[in-house]
Amino acid sequence: MISFQQVINFREILLCSTLSERPVKIEFSQYPGPHLQTMLKLLQLIQTGCKIDVNTKGIIYIPGIITNQDGMLQTYNCGVDRSISYYLEILLILSLFGKAPLNIELNGITNDQTDQSVDSIINAYIPLIKKFAPEWEVSLKVTRRGFQAGTGTVILHSKPIRQIQATTLIERGPICKIRGVCSGSKVAPNLLNRVVSQCRNVFNDYIPDVWVHTDLQKSQKGVEFQSGYAVSLVGESTNGLFISCDCEYSNELNDPEKVGETAALRLLDEIKNSGCCDTTQQQYALLLMAVSQRKVSQIKLGRISTHTIETLRIIRSILGVTFNVEESVFSCIGCGLINLSRLTQ
Amino acid sequence: MSDSEEEQVKQAPIIKPHQKQQKDFYAEQLQANEEAESQAPLLVVVQGPKGSGKTTLIKSLVKHYTGQKIKKLVGPVTVRSNKQHRVTFVECPSDINAMSDLSKVADLALILIDASIGFEMETFEYLSLLNNHGFPNVMGVLTHIDFFKDNKQLRKTRKKYKKRFEYETGGNYKLFYLQALKNEYYLKQDIHNLARFISIIKIAPVRWKTEHPFILADRYEQGKDNTTTFYGYVRGCTYRLNDRIHFVGQGDYYIDSFEEVLDPVEIITNQKKHRSLKDTEKLVYAPMSSVGALTIDATAGYITIPQPIFTDKNKFVNIEEQEDEEIEEQEQEQELPEGVRMVRELQQLTEGIDKQLEEEEDVQLLEGFDLEEEKPIKKKINQQQIQQQRELVRLKNRVNVKIENGTVMPITDTLLATDLHELIYQNKTGINEFDSVRYIAKVQERESYREIKELFVTGFYGQTDVVDLENLEKQIEEEQLEEEQEQEKKGENQKEKDDNQNQKENQQQRQQLVNQLTNSNLGLYKKGTYVKIVIKDFSSSIKDDYPMILARSEVGEDNLGFIKIRIKKHRWHSNILKSNDPIIISLGWRRFQTIPIYCVQDPNDRLRFVKYTPEYDYCYAIFYGNFAPQGTGLVCTQSLSNKLSKFRIAATGVVLEMNHQFDVMKKLKLVGEPFKVIKNTAFIKGMFNSSLEVAKFQGGLIKTVSGLRGHIKKPSKLGPDGSFRATFEDKIQMSDLVFCRTWVRMHIERFYRLITSNVKLMKTMWELRQEKQIPLEFKPDSTYQDQERVPVKFAPLRIPNNLQQNLPFESKEKVKSLSFRERLRQQVEKNLPVKSNMTDKEKEVYSLIQRLNTIKNEKEKKREQKDIQKQKVKKAQIKGQKQHLEEGKRKYKQQKQKDKFIKQVKKQQQQQQ
């Protein structure tokens, strides 16, 4: 059993462990919070034969096989501790290696300040995974927005695949499109337009092809929405790579113009400093490379987040894949993970 | 025109999706093989029944390639067949374990057939093993041909064997014929032909091998502190270092160290002058067997000196002619070759060789083979590099790089890429503080992003001068025209050349990438590298003649769980297989004993339990074992004994699905009886034991024997506990039986035992019965008995008047049936005295006849009664006799069966003893 000590990003450990079906032991100096339990319960929901032992000092996690409850529609409440995308990041990769298609409805927060928004996942994260799994069939829809109170709902349908392809992502190419979603609930409709127009104002110096949708949550009976608004922007390059960023209303950013401008500037910053995928999603690109078929995969990255560095260590200790880093190009030979739980006739 | 076009369309071959997949796979594999710079030696497994000449064949081939003689053949032998090509020969023992292991690793299987005997059981077993573990290249070799003196007979048998071999392998595989022996070797010409075909063979990629690297150990050394060192080539594909390794047939072990060492039979790359090998370059590497006079053991090297051959020149007296031709030749030369001189010198020694070795430092006995420690050349260089890099990093770190908590480190010119590698993998302190992947950039002022305009499609906007668009378009057009003209000039040949060049360039690029990764010390070992593996605490004993296969334990494949396979009993295996009987399965690298249960799939996807496998059909089996990727072939055997009394392979199959739980259902019919029937409602007892059980089955479907359907309604207070009220679609009879069809989940045993050299196997029920002399259970209840049925008298059918009136004409009664009253009247009328017209005389005569008739009738009646009584007595007699007889017969039969079984058991015991 591989044991980890004082590791904060337990999600990646659980993800790698589930993919490789190796039991792990994680020790904490302090309990990370209720989201740990939510995460573990979600993992238990989609697996059979999974055994989890949690106490105040740590977890022992013995993964099972991902069956996705034989493709039955599940409903899961993600709580208000972390947003839906915190769980989606893991769930999307796990759904690639399932037995049956994953059909799940997740309830919780769609936009918050600690995690990326669900829109970024739809517009940038899923296309990134599709680069590694071209035949993957997936649909992710936001049916209801939720700020803070966790009234949001997301429906995910995802079909499993056999193996992840080795991919080389070296040239990003120039940015040719900018798309985005400006979402809000319980605010004046005019407000969202103000955010969008400010975004456009910034981008006008760079590119004309800017299209930011507005998505205002309509009031529903029996649901108490919290007021809030957020914007998620995605820049698409000519090579089909996406770079995303998020910006939300907060105490510091309390003006729609401010939110719009900050969002646009954040995207510019990402475009300036990142390689073939943005800083937020880079660790998942590396993870997919590590589990891909036994061939050389390469990716060019810009700045490396601390989270990524720890993820790379986890990948090495569980999957045994070491990356070669040369001038911001990360390359490796994948470990050739095959979907063992898949059904064949 | 249109017709011909249509025809063409019709004629176009249709590629089915699975065919395409296969094709893609092979194309990919071939490409990958080309990319790999070095190939592992071709692994040739020589298989055949006892006495078919396996050892002789290997010896002859080695002699052909290198001119060296092998005295005693143990373990693999690697020879250099030409500059780029090496071949490893392994002899396959007739043990079923070794056969199945070697069928998994073989690149080419040489199947020896003794022509004097014909095809033997082992050959068929090995072929079906090969078939199920991925079919590698196969060549048949027919030996002992000199058995046939008659030429015509020989030709006939050759043809027969060839046909059969082709039929069994299902392809155009070659069958070679080896003529008589000459000086204990096969004829030169035959061996030359065979060697040529071995060297030009194209390796068929086997999926299992291309995804699972392994090492076939050449030799091993057992150290003092229970460490064992294995040496061998990495085969299959690139080996990624892992902490564990699976010793096939022994179990999993932790690796202590894994190093690349000097290759004993290197590929010669730089010399281009001569195509053929020089004599010095002809190498044979057989560390476990004795080549010529040299034997290498775990601790030392020995030189055996058989007396007649290597005597001192002075004492040279008597030589057998055949063996020493070579030495005579050598002695005719004035200067002795080095080897002979060395041996001569060694003979004249007074001291032991150990002491000599201590005095002299580097004694090399064979080229490329050191008796002392192997030097990990590559690692040394890499360590140096790493140290240099570390120093650099330390310097750089001091100057300007700081890792701030929660912030991101930009890759700039000030930070080397190696620093990042160091930071990620050498430094182990946690640097992350919050569990969120989201990175929020610290936004600078709007003006500072002006410079990144060039990163957009409209990049030249505002920076470069205004471009004259018209000119630009013209320029582009001109360029295009020129290009087209050039292409036309070049023609098609040139194009092909260009394509080829491009392909080559691409290949080179890919190869460079692979090389870059494998050489950068990331724990990757290319196939064909010679490695040394040290395993600590290796407890189990090693047999020398048994193949030592060390396989990398792959991600997820060392896990245990339930596996669903498609299985078919082998057509030549005599018995069908029984559920819950232990069986030995060879799946992936592992061989293990497990308890499968067999099932078939119903149309509604239910897995239904079956007690035995069908005789000629596929079924599913579920067992607890090691995971292996879907589509992996497997072979089942029932025992590991080497007795060839029957075909050892019991079944073959393919992995379909893995899971931690499977629902295999067995049919269960619950039976109940009605004890009260009121119209369509019935109260039923005897089906359940308590009302709680009934409550669980509420709403369940039930059925009578005649097919009336119904539902279970509620537990009732009437009758015994567990009785319930049920409704049916019609009124049921009191004599009816009521069934409830249910399904019970079968328990699948979690039994798994890896087959190692000293494993104790679980016994089947039959074996246990035989051992303990327990006869089969005999239940008198389950034998068939004659049923005596009382014929049922049904009341006549009566249709009410009302109903009859409404019936259609067809079903109506055509002749009116009379009512009771009408019938009575008719009778009365009939019996009324009729006025007679007879005279008195006539009356007298009539009355006399009547009286006579009555007397006659009375007599007949009495006689009949007597007859009936007689018959009854006779029948009773016969019946009694029959019953008595039958009972006697049955008892006799039972006794006979028991006697027979006990006799059989005793006989087998005697045989065993």
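A residue counts as buried when its relative accessible area is under 20%. By that cut-off, 65% of the 345 residues of chain A are buried in this predicted model. Chain A holds 8 helices and 18 strands. Its radius of gyration is 20 Å, close to the 20 Å that the globule rule gives for 345 residues, so chain A is as compact as a globular protein of that length. The C-alpha trace of chain A spans about 55 × 50 × 45 Å along its principal axes.

One pair of helices in chain A was examined. Helix α3 of chain A covers residues 84-96, and helix α4 of chain A covers residues 118-132. Their axes come within 11 Å and cross at roughly 25°. Angles under 35 degrees count as roughly parallel, so α3(A) is roughly parallel to α4(A). The crossing is right-handed. On the α3(A) side, the contact is made by Ile84(A), Ser85(A), Leu88(A), Glu89(A), Leu92(A), Ile93(A) and Leu96(A). Val118(A), Ile121(A), Tyr125(A), Ile126(A) and Ile129(A) make it from α4(A). By class, these residues divide into 10 nonpolar, 1 polar and 1 charged.

A pair of helices in chain B was treated likewise. Helix α4 of chain B spans residues 96-105, and helix α5 of chain B spans residues 121-132. The two axes come within 9 Å and cross at roughly 45°. Therefore α4(B) and α5(B) are oblique to each other. Their crossing is right-handed. Met99(B), Ser100(B), Leu102(B) and Ser103(B) of α4(B) meet Glu122(B), Glu125(B), Tyr126(B), Leu129(B) and Leu130(B) of α5(B). This contact has 5 nonpolar, 2 polar and 2 charged residues.

Two residues have contacts in both chains. Ile333(A) lies in strand β18 of chain A, which covers residues 329-333. Its relative accessibility is 9%, so Ile333(A) counts as buried. Within chain A, Ile333(A) touches Arg294(A), Lys295(A), Val296(A) and Val321(A). In chain B, Ile333(A) touches Arg240(B), Leu517(B) and Leu524(B). These lists leave out residues up to four places away in sequence. The C-alpha atoms of Ile333(A) and Ala166(A) are separated by 8.3 Å, although the two residues are 167 apart along the chain.

His660(B) sits in the loop between β31 (649-659) and β32 (664-678) of chain B. With a relative accessible area of 16%, His660(B) is also buried. Its contacts in chain A are Thr48(A), Gly49(A), Gly64(A) and Ile65(A). In chain B, His660(B) touches Leu560(B), Gly561(B), Phe562(B), Phe627(B) and Arg750(B). Again, residues up to four places away in sequence are not counted.

Backbone angles come last. Most residues other than glycine have a negative phi. Gln69(A) has a positive phi, near 55°. Gln69(A) is placed in the loop between β6 (65-66) and β7 (73-77) of chain A. At 34% relative accessibility, Gln69(A) counts as partly exposed. Gln148(A) also has a positive phi, of about 60°, although it is not a glycine. Gln148(A) is found in the loop between β9 (138-144) and β10 (152-158) of chain A. Gln148(A) is exposed, with a relative accessible area of 54%.

Note on methods. Residues numbered from 1 in each chain as written. Chains lettered and ligands numbered in written order. Predicted model: local features only at pLDDT ≥ 70, side-chain atom pairs only at ≥ 80, totals over all residues. Heavy atoms only, no water. Axes fitted to C-alpha atoms, helices over the stretch in contact; angles between N-to-C directions. Helix = DSSP H or I, 4+ residues; strand = E, 2+ residues; numbered from the N terminus. Parallel < 35°, antiparallel > 145°, perpendicular 65-115°, else oblique. Left-handed = near helix turned anticlockwise from the far one by under 90°. Contact = heavy atoms within 4.5 Å. Nonpolar A, V, L, I, M, F, W, Y, C, P; charged D, E, K, R; others polar. Rg over C-alpha atoms; globule rule 2.2 N^0.38 Å. Buried < 20%, exposed > 50% of the residue type's maximum accessible area, 1.4 Å probe, protein only.
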